[in-house]
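Welcome, and thanks for taking a look at this one with us. Below is a short tour, from the whole chain down to a few single residues.

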Amino acid sequence: MTSPRSVPFFELGFRPFFLGAAVFAPLAIVLWILSLRIDLELAFRYDAQSWHVHEMLFGYGSAVLTGFLLTAVPNWTNRPPLSGWALIVLFAVWVLGRVAMITPLPPLVAIVCEGLFLPMVLGVMAREVIAGRNWRNMAVLIPVSLFTLANIGFHVETLTEGYAATTIRLGFAALIFLLMLIGGRITPAFTRNWMIQKGVEPKPPMMNRFDGVCLVSGLISLLAWVFLPEWTGTGVVLLLSATLHLMRLARWGGWRTRVNPILFALHVYYAMIPVGLAAIALGVFDPAYATAGLHVIGIGAIGGMTLAVMMRASMGHTGRPLVSDIRLTLALTCIIAAVIARFLWASFPDIDWMLDLAALFWIAAFGLFIIRIGPWMFKPRLS
C-alpha cells in the first residue's frame, strides 16, 4: 500500500496549497461576478460582498501563506517538512473552510469549520520555529497571529455589526505587513543572487536599519488605518510609510532585472504597496481613493507577489530552471492589467464593464499558472 508521504502531491506544502490557491482564486471571482451580473443564488455565508472580501483575504490568502511557510520553515529550522497524512488533514481543513462559506450550514458549525484552519497553521509554525530554536523568524508569527485573529473577528463582527469593516482592515494590514517583512527580505536577496550570477553592479544592500525603519513605519501606519481610518493623522503616516517603502524599493535596483520577468515582477508588485498606501491615505478625504487603494494592494501587491512567489518556488522545488516562458510572463502581465482595470472602475464606476475586464484578467493570470505549473505538482522533483 502506497504511503501518502511517498505521493509527490503531499510531500511538501507548496504543492497542494499553491495549486489549491491557484484554482480557488479564479473560481471565487467567477462566483462573485455571476452573483452580481445574473443574480446567481448561492448560499454565501453572509452577503455576497462580505463573502468576496473574506474569501480573497482569508481563503486565497491563507492558502498561499500556508504553502509558503510550510516550504520555507523547514529551511529556516533544519527540520523535516510537514508531509503525508498531516499535510492531507491540513489541506482538507482549508477545503472544508471554503465549503463552509458557501453552503447553508448552521452559523456556529460554519464558523468553527472555517475558523479552524489558521489556528492549526499557527500551531504548526510555532511548534517548528520553537523546536528548531529559530528565534530570528519568530517575528513572522506576530502578523500570522494577527491574521488569525482577524479571521475569527471577521465572523464575530459580521454577526454583531452587519459588516466586518475593522477586521477586514486588520486582515489586509496583516498580509501587507507580511509582504513588507517577507517580500522585503526575499526580493533583494533573489535580486542580489541574480546580480552576482550575472556580474551586475551595484548589488542591493543587505537588510539594515533603514529596512527596520520602513517596517516600523509600515506597522504604525497600518495599525492607525485599522483603528482610526478617518483620522487625518492616519493619512499623514500612511503617506510617510509609502514614501519610505518607495525609497526602500529604489535601493534594490529592480529595473536592472527586467530581463528576468519573474524577478522583475517581484519589484513591480512590491511597488503596489506604497502606491496602494498612498491611495488609502487620500481615502481619508475621499473614500473612492481608499477603495481603489485596497484593490491596488489586493490585486497587485498581494495577488501579484504571491503569484510570482508561487511560480518561483514551484520551479525551484520541482527542479525546474528559474526561467519564465511566454505563458508565465503573460500571467504576470495580466495581474497588472487587472490592477489598472479595477482601479479605473473604482475611479469611474459608471464604466461598469471595467469590473468584468479586471475579473477576466485575474482569471486568465491564474488559469495560465494552472496550465503551465499545475501538472508539476503531481510529479516527482527532477533530479
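## Charge and surface

The mean positions of the 26 positive and 17 negative charges of the chain lie 20 Å apart. Please keep in mind as you read that this is a predicted model.

As for the surface, the chain exposes about 16400 Å², and carbon and sulfur atoms supply 71% of that area.

## Overall fold

What does the secondary structure come to? There are 13 helices and zero strands in the chain. The radius of gyration is 20 Å, close to the 21 Å that the globule rule gives for 383 residues, so the chain is as compact as a globular protein of that length. Along its principal axes, the C-alpha trace spans about 55 × 50 × 40 Å.

Of the 383 residues, 55% are buried.

## The nonpolar core

Which residues touch the most other members of the largest nonpolar core? In this set of 122 residues, they are Phe17, Met180, Leu307, Met311 and Phe366. Helix H7, covering residues 165–198, gives the most to this core, contributing 16 residues.

Leaving aside residues up to four places away in sequence, Phe17 touches Ala63, Thr66, Gly67, Leu70, Leu87, Leu90, Phe91, Trp94 and Phe117.

Most residues other than glycine have a negative phi, and most peptide bonds are trans. Two spots in this chain are worth a look with that in mind.

Asparagine 78 has a positive phi, near 60 degrees, although this residue is not a glycine. Asn78 sits in the loop between helix H2 (48–77) and H3. Is Asn78 buried or exposed? Its relative accessible area is 72%, above the 50% cut-off, so Asn78 counts as exposed.

The other spot is the peptide bond from glutamate 201 to proline 202, which is cis, with omega near -10 degrees. Proline 202 is placed in the loop between H7 and helix H8 (209–227).

## Isoleucine 102

Isoleucine 102 lies between helix H3 (84–100) and helix H4 (107–115), in the loop that links them. With a relative accessibility of 23%, Ile102 counts as partly exposed, because that class runs between the 20% and 50% cut-offs.

How far apart in space are isoleucine 102 and valine 121? The pair is separated by 19 residues in sequence and by 22 Å from C-alpha to C-alpha.

Notes:
Residues are numbered from 1 along each chain as its sequence is written. This is a predicted model: local features need pLDDT of at least 70, side-chain atom pairs count only at pLDDT 80 or more; totals for chains, interfaces and linings use all residues. Side-chain values use heavy atoms; hydrogens and water are left out. Helices (H or I, at least four residues) and strands (E, at least two) are DSSP runs, numbered from the N terminus. The radius of gyration is taken over C-alpha atoms; the globule rule is 2.2 Å times the number of residues to the power 0.38. Buried means under 20% relative accessible area, exposed over 50%, partly exposed in between (1.4 Å probe, protein chains only). Accessible areas come from the Shrake-Rupley method with a 1.4 Å probe; for residues, only the protein chains shown count as cover. Lys and Arg count as positive and Asp and Glu as negative; His and the chain ends are not counted. The place of a charge is taken as NZ of Lys, CZ of Arg, CG of Asp or CD of Glu. A nonpolar core is a set of buried Ala, Val, Leu, Ile, Met, Phe, Trp, Tyr and Cys residues joined through side-chain atoms within 4.5 Å. Contact means heavy atoms within 4.5 Å.
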